[in-house]
Amino acid sequence: MEITSAQNPRIKHLLTLQQKSSLRRSEGLFVVEGRRELEHCLTAGYEVDSIFCCPELLGESPLPGRTGGKASIFSLPSSLYEKVAYRGSTEGIIAVIKERRLTLDSLLQSSRTLPPLQLERGQGGEAASPLFIVLESVEKPGNLGAVLRSADAAGADGVIVCDPLTDIYNPNLIRSSIGAVFTVPTVACTSEECILFLKQHGIRILTAQLQDSRLYYDTDMRQPTAIVMGTESTGLTQQWRDAADAHIRIPMMGRLDSLNVSVSAAILLFEAVRQRQSP
C-alpha cells in the first residue's frame, strides 16, 4: 500500500510513537529505523507490526527477512519519508515493532545473539559467572545507548536499568546503541527489585564511586558480578552504596573528578574481560 500524505493516520501514529513514551507503553509498540538496527531486532526475536519503506532509497535491496506474513508494508515517496525519518542514511526503512519486556530472572537464561563472554555455562544454559552492568536513573538516551554498545562488545550478560528516566525503546537510545539494545538482554526495574535479585542469586555488587573505594583493577571481577553506576551529576544513591559488596573507582589524574558514564562503563567492563581471560 502506498501512502503519499503526511496527514495519513498511519503516518501521524508513527510520528507520535517516535515522540511519546506514554503511547509506546500503552500500545506496546516502538519504532526502529535503519536496516542494521532492524536486523538486530529481528534476530533477537521481536515481531514486526508494520514497515514503512522508501523504494527510492531501498533501491534493489530486499526488505530484511523474518518480517513475518502479518506485517503491514507501506511504501512512501522520498519527500514523505524524509519527514518521518530521524536521519537520512537509514536505507529507506522504518519499522513499528511489538514490545517484548524481559524480566530479571530471564537474564540468567541469556538470550544474547552473540557468543557470551563466559566460557563455561551451567546445565540450564545460564552463565556460570554472569557479568551485568546496572545503571541507576540514567537520563540521557545517548549515554544508555553507548553503554549498551560497550556491554555488547564486552560480552556482558545483561544491562539492568534501575528507576529509569528514559524508556529502553526510546528511538534515540535505539539509534545511539546501533541496535545493541536488542543484542544485549536489557531489563528495566526498580533499585529494590534489582538489589533483591542480585543478592538472591549470589551476584557480587560493585558500586562505582569516589568515596571509600579501591582501584577497580585491584578488585576481583571473575566471580558473578554486577557493576553499578549512577549519574554523573549525583552518583549513586545511598541505597546502592549500602548494598554494595565493594566500592570501586577509576583513578582520575586531572582536575575533573568524573568521566562520562558510558566511558566509565567501558573501562570497567573490559577490566572484567581482562581478568576473565587471564590464565
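At the start of helix α1, a side-chain oxygen of asparagine 8 comes to within 2.8 Å of the backbone nitrogen of arginine 10. The structure is a predicted model, in which local features need pLDDT of at least 70 and side-chain atom pairs count only at pLDDT 80 or more, while totals for chains, interfaces and linings use all residues. Residues are numbered from 1 along each chain as its sequence is written, and side-chain values use heavy atoms, with hydrogens and water left out.

Helix α1 spans residues 9-19, and its buried residues are Ile11, Leu14, Leu17 and Gln18 (buried means under 20% relative accessible area, exposed over 50% and partly exposed in between, with a 1.4 Å probe and protein chains only). These residues lie on the same side of α1, because they cover an arc of only 125° around the axis. The face turned away from this buried side carries the exposed residues Pro9 and Gln19.

Eight aromatic pairs were counted (ring centres of Phe, Tyr or Trp, the last by its six-membered ring, within 6.5 Å; planes under 30 degrees apart are stacked, over 60 edge-to-face and the rest tilted). The rings of tyrosine 46 and tyrosine 169 have centres 6.3 Å apart and planes at 85°, so this pair is edge-to-face. Tyrosine 46 is buried at 9% relative accessibility, and tyrosine 169 is buried at 2%.

Key. Helix = DSSP H or I, 4+ residues; strand = E, 2+ residues; numbered from the N terminus. Arc of directions from axis to C-beta. Polar contact = N/O pair within 3.5 Å; in protein donor to acceptor, adjacent residues only side chain to side chain.
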